[in-house]
Amino acid sequence: PDESIPPTSMDLRNTDTGEPLDLSNAQKEGRNTEGVRKFFQTGINPYIEDASCLKPGESFYLTSCSGCHGEIGEGKIGPGLNDDYWTYPKNTTDQGLFETIFGGARAQMGPHYDDLTLDQMLQVMAWVRHIYKDDVKAATWLTADQRRKFTPFKRGETFPDDPPGLCKAP
Ligand code: HEM
Ligand code: CA
């Protein structure tokens, strides 16, 4: 695999300290996928509402996040991620959410570069956006078109086995 980290003009910073993130901590796998390249170029996560990324995103969310944030992001020892309140308003942007996952925040919210590749982080981010349950108007991380089509998440959704899109089944 291509182990280089794609160029970005984003100024990526730790959510708690504001220190620059060191992307060289990223795992060697999953660094230079089409999704990572697009995200680093545009600051927009191309996996959001990509049907092929939701199931793998859920699966990585369930191994890395749900123990603290709850199975559907309802909150547990970490804050709820499925609602319209954010401790750090920057988490309403794809860049901010990536910075929080990659670099961590306070307390038990540690960095996630040891358990997720850059590509997997984007998949988890797509799942976190997908489980949103509040008013779609506040979902400023969605494009206008995505907002029009979005219905607040309800448990028990099923997914087709191999939908078209940028992600591969894990
Ligand atoms: C905070 C996401 C894993 C504990 C946060 C925030 C986000 C987030 C977005 C900030 C929320 C806000 O601004 O309101 C994630 C994701 C995870 C993950 C996507 C998996 C990749 C974990 C784990 C733990 C944890 C495993 C526990 C060991 C916490 C805590 C906070 C937090 C305690 C509050 C930190 C603070 O306010 O500075 N998480 N998290 N998280 N998370 Fe996580
Ligand atoms: Ca919240």
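**Exercise 1. Serine 66**

Determine which residues serine 66 contacts, leaving aside its neighbours within four places in sequence, and whether serine 66 is buried or exposed in this predicted model.

*Solution.* Step 1: once neighbours within four places in sequence are left aside, the contacts of serine 66 are Tyr61, Glu71 and Lys76. Step 2: serine 66 belongs to helix α3. Step 3: its relative accessibility is 11%. Buried means under 20%, so serine 66 counts as buried.

**Exercise 2. The iron site**

State which residues coordinate the iron atom of ligand 1, what geometry the site has, and which parts of the chain the two residues tie together.

*Solution.* Step 1: His69 contributes NE2 and Met109 contributes SD, at 2.0 to 2.2 Å from the iron atom of ligand 1. Step 2: the iron atom has six donor atoms, and the angles among them run from 87 to 179°. Ideal angles for six octahedral donors are 90 or 180 degrees. The site is octahedral. Step 3: histidine 69 is in helix α3 (residues 66-69), whereas methionine 109 is in the loop between α4 (94-103) and α5 (118-130); the pair therefore ties together parts that lie 40 residues apart in sequence. Step 4: histidine 69, with a relative accessible area of 10%, is buried, while methionine 109, at 22%, is partly exposed.

**Exercise 3. Packing of α4 and α5**

Describe how α4 and α5 pack: at what angle, at what axis separation, and through which residues.

*Solution.* Step 1: the helices pack at an angle of about 120°, and their axes are 10 Å apart. Step 2: that angle makes α4 oblique to α5. Step 3: the crossing in which α4 passes α5 is right-handed. Step 4: from α4, the residues at the contact are Asp94, Leu97, Phe98, Ile101 and Phe102; they meet Leu118, Met121, Leu122, Val124, Met125, Val128 and Arg129 of α5.

**Exercise 4. Alanine 26**

Locate alanine 26 relative to α1 and identify what it touches beyond residues up to four places away in sequence.

*Solution.* Step 1: alanine 26 sits in the segment before α1 (34-42). Step 2: its relative accessible area is 6%, so alanine 26 is buried. Step 3: not counting residues up to four places away, alanine 26 touches Arg31, Phe102, Tyr113 and Leu118. Among these, Phe102 of α4 and Leu118 of α5 also take part in the contact between those two helices. Step 4: isoleucine 5 is 21 residues from alanine 26 in sequence, and their C-alpha atoms are 8.7 Å apart.

**Exercise 5. The calcium site**

List the donors of the calcium ion (ligand 2) and give their spacing in sequence.

*Solution.* Step 2: the donor residues follow the spacing G-x2-D-x1-Y. Step 3: glycine 80 is buried, at 16% relative accessible area, and aspartate 83 is buried as well, at 17%.

**Exercise 6. Positive phi**

Find where glutamate 49 and alanine 107 lie, and compare their exposure.

*Solution.* Step 1: most residues other than glycine have a negative phi. Step 2: glutamate 49 has a positive phi, near 60°, and alanine 107 has a positive phi near 50°. Step 3: glutamate 49 is in the loop between α1 and α2 (51-64); alanine 107 is in the loop between α4 and α5. Step 4: glutamate 49 is partly exposed at 31% relative accessibility, whereas alanine 107 is exposed at 74%.

Conventions:
Residues are numbered from 1 along each chain as its sequence is written. Chains are lettered from A and ligands numbered from 1 in the order in which they are written. This is a predicted model: local features need pLDDT of at least 70, side-chain atom pairs count only at pLDDT 80 or more; totals for chains, interfaces and linings use all residues. Side-chain values use heavy atoms; hydrogens and water are left out. Donors are N, O and S atoms within 2.8 Å of the metal (3.2 Å for Na, K and Ca); water is not among the atoms, so sites may look incomplete. Four donors count as tetrahedral if all angles lie between 85 and 135 degrees; four count as square planar and six as octahedral if opposite donors are over 155 degrees apart and all others between 65 and 115; anything else is irregular. Helices (H or I, at least four residues) and strands (E, at least two) are DSSP runs, numbered from the N terminus. Buried means under 20% relative accessible area, exposed over 50%, partly exposed in between (1.4 Å probe, protein chains only). Axes are lines fitted to C-alpha atoms, for helices over the stretch in contact, and angles run from 0 to 180 degrees between N-to-C directions. Angles under 35 degrees count as roughly parallel, over 145 as roughly antiparallel, 65 to 115 as roughly perpendicular and the rest as oblique. A crossing is left-handed if the near helix is turned anticlockwise from the far one by less than a right angle, and right-handed if clockwise. Contact means heavy atoms within 4.5 Å.
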